[in-house]
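Please read them with the structure open beside you.

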Amino acid sequence: MGSLLQVRGLRTEFGSDAGSAVAVDEVSFDLDRGETICLVGESGSGKSVTALSIMGLLPRNGRVTDGEIRFDDVSLLDLSEPEMRENRGNSLAMIFQEPMTSLNPVLTIGDQLTEGMLLHLGLSRQDAAKRAVELLELVGVPRAEQIVRDYPHRLSGGMRQRVMIAMALSCSPALLVADEPTTALDVTIQAQILALMKRLAAASQTATILITHDLGVVAEMADKVAVMYAGQVVEEADVFELFDHPRHPYTVGLMKSIPHLGADDDARLESIPGSVPALANMPSGCRFQDRCPSVMDRCRAERPDLLETSTTGKHLVRCFLYSGEQAAVRDETTTAVAS
Ligand SMILES: Nc1ncnc2c1ncn2[C@@H]1O[C@H](COP(=O)(O)OP(=O)(O)OP(=O)(O)O)[C@@H](O)[C@H]1O
Ligand SMILES: [Mg+2]
């Protein structure tokens, strides 16, 4: 049996009157129980589309057109919409960036929290109500007994996000996808919520996909990291390996753009000159070529693959600068297989 989640060669396209645009291309990664992978990369790099593809929550004009998503040995792309919905209630959960838009303004917090549990866990109304209060206490909501009777607009942003996390955790999902779950919140609350997510994930062996712009958050939360650029993963490694030995010139640029990791100032990834190419205008060859300080002729002519560069651990890089190492890893594996 492989990892809990296996994403292989994922390709997601959006249709429009002008034709179709590929937003995510050749995205692959694995995730085990209890493990956290962070997806990082500039705005528009395909992080949310990757998450929505996995959750089966793409907007109407979006479609997965290639690749495979296996979760708990089931091919998610082959499931019907009702089967996916059942999965989302049970074993897959997602926390969105903006808590207000994801809570229903006309239902009480308690009703929203119990809805999933009534539907998917078959709890009685009374047990679900009791569990709702417990969940709110677990995520650090004070006066939980009263809050269950309140409507979302009565709560602060931090409290609403806690409610969202409680909802996401209410059916003990095996996989939690959190898309910038704390961006809208102030720094102190952000730290509390992340610490909470980390504790809960560790306690219940939840696998987590955490999307963030913030490399400080990555350092704090990730076991491993996939760096995305223009719809593709350009580098993937264990978090320590990635911070100690970033390889792809894009990752190196991201790292340089942080003044002090862990400092209070906003460690956002925005200062690499130039911008991500438009979907309709992807260059042939490497997608980072026009911003890359190390660009070579080959980068304009050929598309690099995401390949292993380390013979000892896992460090995948989509860059011709490392084709020597990639060849060495290939030789070693061929020799190992042959002998
Ligand atoms: N509904 C849609 N229709 C057409 N294109 C879309 C749609 N949603 C996303 N895209 C495009 O897909 C690409 C990837 O977008 P995505 O939202 O995944 O980026 P992101 O990495 O999550 O960025 P951000 O950090 O800003 O959230 C972008 O070029 C975006 O314009
Ligand atoms: Mg996004």
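The points below take up the ligand site and then the aromatic pairs.

1. Please keep in mind throughout that this is a predicted model, and that the distances and angles quoted here are computed from it.

2. Ligand 1 is surrounded by 14 residues, and the closest are Ser-43, Gly-44, Lys-47, Ser-48 and Val-49.

3. Several polar atoms of the protein approach oxygen atoms of ligand 1: a polar side-chain atom of Ser-43 lies at 2.4 Å, a polar backbone atom of Gly-44 at 2.8 Å, and an N or O atom in the side chain of His-213 at 3.2 Å. Of the 640 Å² of accessible area that ligand 1 has on its own, the protein covers 66%.

4. Three aromatic pairs are found in the whole structure. In one of them, Tyr-229 and Tyr-250 are tilted, with 4.6 Å from centre to centre and 55° between the planes. Because Tyr-229 belongs to strand β9 (residues 224-229) and Tyr-250 to helix α11 (residues 249-256), this pair ties together parts that are 21 residues apart in sequence. Tyr-229 counts as buried at 1% relative accessibility, and Tyr-250 counts as buried at 0%.

5. Tyr-250 also pairs edge-to-face with Phe-288, at 5.3 Å centre to centre and 70° between the planes. This pair links helix α11 to the loop between α11 and α12 (297-301), 38 residues apart, and both Tyr-250 and Phe-288 are buried.

Note on methods
Residues numbered from 1 in each chain as written. Chains lettered and ligands numbered in written order. Predicted model: local features only at pLDDT ≥ 70, side-chain atom pairs only at ≥ 80, totals over all residues. Heavy atoms only, no water. Near = heavy atom within 4 Å. Polar contact = N/O pair within 3.5 Å; in protein donor to acceptor, adjacent residues only side chain to side chain. Areas by Shrake-Rupley, 256 points an atom, 1.4 Å probe, with all protein chains shown as cover. Phe/Tyr/Trp six-rings, centres within 6.5 Å; stacked < 30°, edge-to-face > 60°. Helix = DSSP H or I, 4+ residues; strand = E, 2+ residues; numbered from the N terminus. Buried < 20%, exposed > 50% of the residue type's maximum accessible area, 1.4 Å probe, protein only.
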